[in-house]
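Visitor: Hi! Could you walk me through this structure in plain words?
Guide: Happy to, let's look at it together.

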Amino acid sequence: MIGSSDRGAEGVELVKLFSRRRTWVAILLLNLLPTTVAVLLAWTGIAPRPGSGPAFLAAVLANGSLFSIAALAIVLPLFLPIAVAVVAGESVAGEAEAGTLRYLLVRPVGRTRLLVRKFGAITTFVLVCVVSVVAVGYVVGRLLLGNAPLSTAMISLSGSALSPAQVAWRSVAAIGFITVSMLGVAAMALFLSTLTDSPQAASLGALAFLIGSSLLLTVDAARPLQPYLPTRYWLSFIDLYRDPILWSNLERGLALQGVYVVVLLAAAWANFATRDITS
Amino acid sequence: MRSAPPGSAESAADLTPEVVIHTEGLTKLFAGGVRAVDGIDLEVQRGDVYGFLGANGSGKTTTVRCLLGLVLATSGRIEVLGEAMPRRGASVLPRVGALVEGPAAYGHLSGHRNLVLQDASGRRPQGQLGGGRKDRGDRATEALAQVGLGAVGSRPVRGYSLGMRQRLGLAAALMRQPELLVLDEPTNGLDPQGIREIRELLSALNRTGTTIFLSSHLLAEVEQLCTRIGLLDRGQLVLQEPLARLRAPTGRVVVVSPDAARAAALLGGCVEHRDGERLLVKGAEPAVLNARLVSNGIRVSELGPERRRLEDIVEERTRRRSGEVPR
C-alpha cells in the first residue's frame with residue numbers, strides 16, 4: 001500500500017523520465033513520420049486508393065481532421081513500439097548501468113514499489129506519445145490537408161455517417177486501446193530490463209519479441225499461435241470506426257494485453273525481488 | 001591516533017554499548033561456488049568509527065552490499081540498528097546513509113536536483129529525523145555546503161570531476177542526518193586536500209554521535225580516523241579489535257643513536273635487534289633507559305616506546321601471496 005507519507009514520491013520516476021532530453025526527442029521523432037506523410041500528401045495530392053495503405057489515409061484529403069487517426073495507424077506498427085521498448089528497456093537496466101539503482105534501493109525504495117513506479121512511468125509515456133500523435137496529426141491535418149468544416153460528418157468504415165461527437169469519443173477510446181496495446185511490449189522490456197544491466201540488450205530483446213510476433217502473423221503455418229501473439233489485435237482499433245462498433249477483436253486485444261502484462265510483470269517481480277544487485 | 005574512542009562518553013553513560021551492526025556467520029556464495037564472504041561475525045558499536053580493511057577482492061564490498069540488503073546473504077544473520085536485514089530494510093535504511101562502490105547520479109540533472117530527487121524517491125523518515133517535502137531543498141543545499149559543493153550545486157553533474165562526484169555521493173548519504181554511515185572507499189578520487197576535508201567532516205560527524213562504518217584499503221586513512229578495525233582476508237574476518245589495543249606499546253623501546261655500537265655494548269643482552277643506528281631494547285622503561293644512555297655519554301637522537309604500525313599488523317594477519325589478487 002502507498003502510505004500518505006509517500007505522497008509525491010510516486011512522481012519521481014515521471015520527473016526523471018520527462019527531464020531527459022532523449023524522451024522528448026523520441027516523442028518528436030515519433031511525430032516526424034506522420035508529419036512527413038502529411039506534407040507529401042498535401043504536396044502531391046496523391047492519396048492511397050481506398051482500402052490500401054494505412055487506415056484512413058485515403059480519406060484525409062477530403063477531411064484533414066481524420067489525419068489524427070491516420071497518424072496513429074502510421075506509427076502503430078513500428079515507431080511507437082520501438083519508442084516504448086527503448087524507454088521501458090532503459091527503466092531498470094539504465095539505473096543499474098548508471099549505478100543509481102543501488103542508491104534508489106538503499107534510499108530505500110522497495111523493489112516491488114520501484115517496479116510499479118517504473119511501469120507507471122512507462123504507461124504515462126505511452127499515453128503522452130499517443131496523445132501527441134493524435135494532437136499533432138489533427139493540427140497538421142487541418143493545416144495541410146482537407147480543411148472541411150468541423151461539423152462535417154465522417155463516413156465510418158461501414159459506410160454510415162458518424163457525427164463529430166461520435167468521432168471524438170471513439171478517438172478517445174482508440175487512444176486508450178492503443179495505449180493498452182503497447183503495455184505488453186512495455187512489460188516485456190521491463191522484465192528484460194530486470195534481467196540485464198544493459199539497457200540496449202533489454203530494448204533489443206523486447207524489439208525481437210515484437211518483430212517475431214509481427215513475422216509470425218504473416219506465416220500461415222503459425223495460424224494456431226496467432227490469436228496469442230502480442231501484436232495480433234493492435235490494428236483492431238479501426239474497428240472503433242465501424243458502425244456499430246465491432247467489439248470482439250477489441251475485447252480480445254485488451255484481454256490478451258492484460259495477460260501479457262500480468263505474466264511478464266510477475267516474472268519481472270519474481271526475478272527482481274530476490275536478485276543480487278551487484279551493479 | 002585518538003586516545004579515547006569518541007563514543008566513550010556516551011557508552012560510559014549506559015555502560016552496555018549499543019551494537020549498531022551485528023552479523024553472525026554471514027556467508028555469501030555467488031553463482032559458480034565463489035565464496036565471497038565466508039562466515040563473518042561483525043560487531044560495530046554505537047559511536048565507533050569502524051575501519052573495514054581488506055585487499056581488493058577480499059569481500060569488503062559484498063559484505064557492505066549484504067548489510068544494506070542489496071545482495072542477499074546465502075546464510076547467516078544480519079542486524080543493523082537492532083533490526084534484522086534485509087527483512088526490516090524499510091525501517092532500517094532511512095536511518096542509514098550509504099556510499100557503495102563509488103557515487104552515482106543522473107548526469108543531466110544538477111547536483112542539487114539529484115539530491116532532492118533521491119530524497120523524494122523514498123519514504124519520509126519517521127520521528128525527529130523529519131525531513132519532509134517542505135525543507136527538502138534546504139537540506140540539499142545544506143548537505144552540498146557540508147561537503148564543499150555549495151558553489152557548484154546548480155551545475156549539471158555531467159560536468160563534475162571524479163572528486164566532485166564523490167563529494168556529491170557523500171552529500172546524498174548525509175542528507176537525512178543518518179545515525180549510521182556506511183561508506184565504501186569514500187575518499188576515492190579525491191586530492192590530498194579533499195581527503196583531509198572529508199576526514200575532518202567525518203570526525204566532526206562522529207563527535208556528534210554518528211557511527212561510521214568505513215570500508216577502505218588505505219591503511220593511512222583508517223589509522224587516522226578509526227577506533228576499531230576489522231580485517232578481511234579472502235572472505236574471512238581475521239581480526240576485529242580496537243585500534244588502540246592493536247597499537248598499544250609492545251613493551252620494547254626504540255632507540256636511534258649515532259653511537260649505536262657503544263649503546264649496544266652498554267645494554268648488552270637487553271638489545272633484541274640492531275639495524276644500523278636503530279636499536280630495539282626490551283624490558284626497559286624509556287625514561288630510565290634514556291638517562292642511562294646519556295649519563296654514559298651516548299648521544300640519543302630518538303627514543304620512545306615501540307608501537308606497531310597497522311601495516312605490520314595487516315601483513316602479519318593476512319596470508320596473501322604477493323602480487324596475486326585473491327579469487
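Visitor: In what order do the strands of the open sheet of 4 strands in chain B come?
Guide: The order is E13-E14-E12-E15, and the pairing is antiparallel. Keep in mind as we go that this is a predicted model.

Visitor: Which strands stand at the edges?
Guide: Those are E13 (271-275) and E15 (302-305) of chain B. Each has a single partner strand, so one side of each is left without a neighbour in the sheet.

Visitor: And by how many degrees are neighbouring strands turned against each other?
Guide: On average by 15 degrees, with direction ignored.

Visitor: Over how many bridges do E12 and E15 of chain B pair?
Guide: Strand E12, residues 252-256, pairs with E15(B) over 4 bridges, in the antiparallel sense.

Visitor: Nice. What about helices, where does H10 of chain B lie?
Guide: Helix H10, residues 260-267, lies across E13 and strand E14 (278-282) of chain B. H10 runs at about 170 degrees to E13(B). There is also helix H11, residues 286-295 of chain B, which packs on the sheet and touches E12, E14 and E15. The direction of H11 makes about 155 degrees with that of E15(B).

Visitor: Zooming out, how is chain B divided into domains?
Guide: Domain 1 covers 12-246 and domain 2 covers 249-307. Taken over C-alpha atoms, the centres of these two domains of chain B are separated by 44 Å.

Visitor: Let's stay with chain B. Which strand is listed as pairing with E1?
Guide: Strand E1 (residues 19-30) pairs with strand E5 (residues 75-80) of chain B in the antiparallel sense, over 5 bridges. Within that pairing, B:Thr27 has B:Ser75 in E5(B) as its bridge partner.

Visitor: What do E5 and E6 of chain B form?
Guide: They form a hairpin with 2 residues between them. In the turn, B:Leu81 has a positive phi of about 50 degrees. E5(B) and E6(B), the latter being residues 83-85, pair in the antiparallel sense over 3 bridges. One example is B:Glu79, whose bridge partner in E6(B) is B:Ala84.

Visitor: Here's a residue I picked: is B:Thr210 buried or exposed?
Guide: B:Thr210 is buried, with a relative accessible area of 9%. Its place is in the loop between helix H7 (192-207) and strand E9 (211-216) of chain B. Leaving aside neighbours within four places in sequence, B:Thr210 is in contact with residues including B:Asp48, B:Pro178 and B:Leu205.

Visitor: New topic, aromatic rings! How many aromatic pairs are there over all chains?
Guide: The count comes to 5. One of them is A:Phe18 with A:Trp24, a tilted pair at 5.5 Å centre to centre, with 55 degrees between the planes. A:Trp24 counts as partly exposed, at 44% relative accessibility.

Visitor: Why is the pair of A:Phe209 and A:Tyr260 edge-to-face?
Guide: Their planes are at 70 degrees, and over 60 counts as edge-to-face, so that is the label. The ring centres are 6.0 Å apart. This pair links distant parts of the chain, 51 residues apart: A:Phe209 is in helix H8 (residues 199-217) and A:Tyr260 in helix H9 (residues 247-273) of chain A.

Visitor: Which residues do ring pairs link into a cluster?
Guide: B:Tyr50, B:Phe52 and B:Phe213.

Visitor: Last one: where does A:Arg111 lie?
Guide: A:Arg111 lies over the face of A:Phe272, at 5.9 Å from the ring centre.

Conventions
Residues are numbered from 1 along each chain as its sequence is written. Chains are lettered from A and ligands numbered from 1 in the order in which they are written. This is a predicted model: local features need pLDDT of at least 70, side-chain atom pairs count only at pLDDT 80 or more; totals for chains, interfaces and linings use all residues. Side-chain values use heavy atoms; hydrogens and water are left out. Domain bounds come from an automatic or database domain assignment. Two strands pair if DSSP finds at least two bridges between them. Axes are lines fitted to C-alpha atoms, for helices over the stretch in contact, and angles run from 0 to 180 degrees between N-to-C directions. Contact means heavy atoms within 4.5 Å. Rings of Phe, Tyr and Trp (its six-membered ring) pair if their centres lie within 6.5 Å; planes under 30 degrees apart count as stacked, over 60 as edge-to-face and the rest as tilted. Buried means under 20% relative accessible area, exposed over 50%, partly exposed in between (1.4 Å probe, protein chains only). A charge sits over a ring if NZ of Lys or CZ of Arg is within 6 Å of the ring centre and within 35 degrees of the ring normal.
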